Amino acid sequence: GKKMKYIALTIGPIYKTLKNAKKPKDLFASSYIFSYIMKNIIKEFKDRTFITPYIKDESIFDENSPVGLFHDRFIFESIDGDLSKLEMIIINVCNDIASQLGLEHHQVKEYLQIHYFEKELDNSKNPILELTPYLDTKELFFQISQDETFAKSLRRKKGDDDNFLTAGKNIIDDLKKLSHNNYYCVVHADGDNMSKAIEDKNKIENVSKNLFEYCKESNKLIKDFGGQTIYAGGDDLLFFAPVLNKDKNKTIFELCEKISNIFNTKIPSATLSFGISINYVKFPLYEAVENSRELLFAKAKNDQRNNIAFNVTKHSGQSFETIINKSNKEVYDNFLVFTSNIKGGEDMDNFLHSIHHKIDTYKTTINLIANNKEKLQNFFDNYFNESIHKEYKSFFESLIDFIYVVYQDKTIKNKLELIYATLRFVKFVQGDKKWNI
């Protein structure tokens, strides 16, 4: 059969670089620099047929594009001479960055790991499925450079008039703005079962285009919510956000639900999992990033996928976490209602504390009666029968609904953990007197 040549490239180590960031500005600069390099390499091959990423939307080459919307790898159909052309372009890009950062060429080249190769494939073959394993292998061997100069230069304070790092400067004004009571979220999202979406060779361009639109639309949602995208490439998303958007009275879970909906519309055969790490502003940034990644890959992507794993680490060092599965519509919808629509009264804190305490004390009873809505209702009516509890009527209704559907779901292993963590989240968001909503 007819043969086709492809060039595939991967750049790194994005994640390890992000991990070294101490301040939001560094984090942004670290992500931006990789996107900047990809943009400048891809620009030179604009007239080739790209398998991934989708480059037909001119706006991605816009100099003022605020977010790195470039993936960390690409594959295109190559013609003779492209490989040596690519080598030259990489040298030029590294030189450009070296001069912007005031470094030597070799310091940039050693730090940035750019691996690429050209391969001929039979026309019937699927280039993504064939070439991705090679790129994965190359990434396994990314060394983190011993020469720290490059990473440090990303953290240098520089004048206003120079390099691409200034893009990050005006975007992130300290996390303060993002915070709710001095807490903020780091969110990592990633598609599940993506290989299913790209198994049909003829649909690949369409999938690349849809992923590009998903990144673009998600970035807009994150911005509207008051958050900031750090990285958006393919099905991979990393962003900061407030726990609560005060103007819209929406929580981080409602933002993630909107992002999920876009993803599901664009890539119907896959799902999206999230890791959400909620931390105090003084908590080390790189640890927060690490935690959200850990929540995503070690917890949310376990079992049946399509999960949200979230963790809240309090100022005191106390923390709680749980996993909510989005596939069970009933549990998930109730979770969203329960975490969103609570109006805090004067003594919300104490009230929530006493509920938590009651459920804990009577957990054996609750385990027995939770499958019966009427009995649950009676339980709460008995224990919370003072006049003060009247104003919490709607709260009890959603709590009872939530407990009931959680107990109906056979797949939830630790039902009480989910209920406790959800209650604690509500207490965390609504319990503070200054934040009566």
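Is Phe379 buried or exposed? In this predicted model, Phe379 counts as buried because its relative accessibility is 6%.

Phe379 and Tyr383 both belong to helix H15, and because they are four residues apart, about one helical turn separates them. An α-helix has 3.6 residues a turn, so residues three or four places apart point the same way. Tyr383 has a relative accessibility of 31% and therefore counts as partly exposed.

## Aromatic pairs across the chain

The whole structure contains 32 aromatic pairs. One of them is formed by Phe351 and Tyr392, which are stacked, with 3.7 Å from centre to centre and 5° between the planes. This pair joins distant parts of the chain, 41 residues apart: Phe351 lies in helix H13 (residues 348-361), and Tyr392 lies in the loop between helix H15 (373-383) and helix H16 (393-408). Phe351 counts as buried because its relative accessibility is 3%, and Tyr392 counts as buried because its value is 2%.

The rings of Phe379 and Tyr383 have centres 4.9 Å apart and planes at 55°, so this pair is tilted.

## Lysines over aromatic rings

Two lysines lie over ring faces: Lys46 over that of Phe61, at 4.7 Å from the ring centre, and Lys85 over that of Phe45, at 4.7 Å from the ring centre.

## Helix H9

Helix H9 comprises 22 residues (204-225) and should span 32 Å at 1.5 Å a residue; its end C-alpha atoms are 31 Å apart, which agrees. Its buried residues include Ile204, Leu211, Phe212, Tyr214 and Phe225. Just after H9, Gly226 adopts a positive phi of about 100°.

Terms used:
Residues are numbered from 1 along each chain as its sequence is written. This is a predicted model: local features need pLDDT of at least 70, side-chain atom pairs count only at pLDDT 80 or more; totals for chains, interfaces and linings use all residues. Side-chain values use heavy atoms; hydrogens and water are left out. Helices (H or I, at least four residues) and strands (E, at least two) are DSSP runs, numbered from the N terminus. The expected span of a helix is 1.5 Å times one less than its number of residues. Buried means under 20% relative accessible area, exposed over 50%, partly exposed in between (1.4 Å probe, protein chains only). Rings of Phe, Tyr and Trp (its six-membered ring) pair if their centres lie within 6.5 Å; planes under 30 degrees apart count as stacked, over 60 as edge-to-face and the rest as tilted. A charge sits over a ring if NZ of Lys or CZ of Arg is within 6 Å of the ring centre and within 35 degrees of the ring normal.
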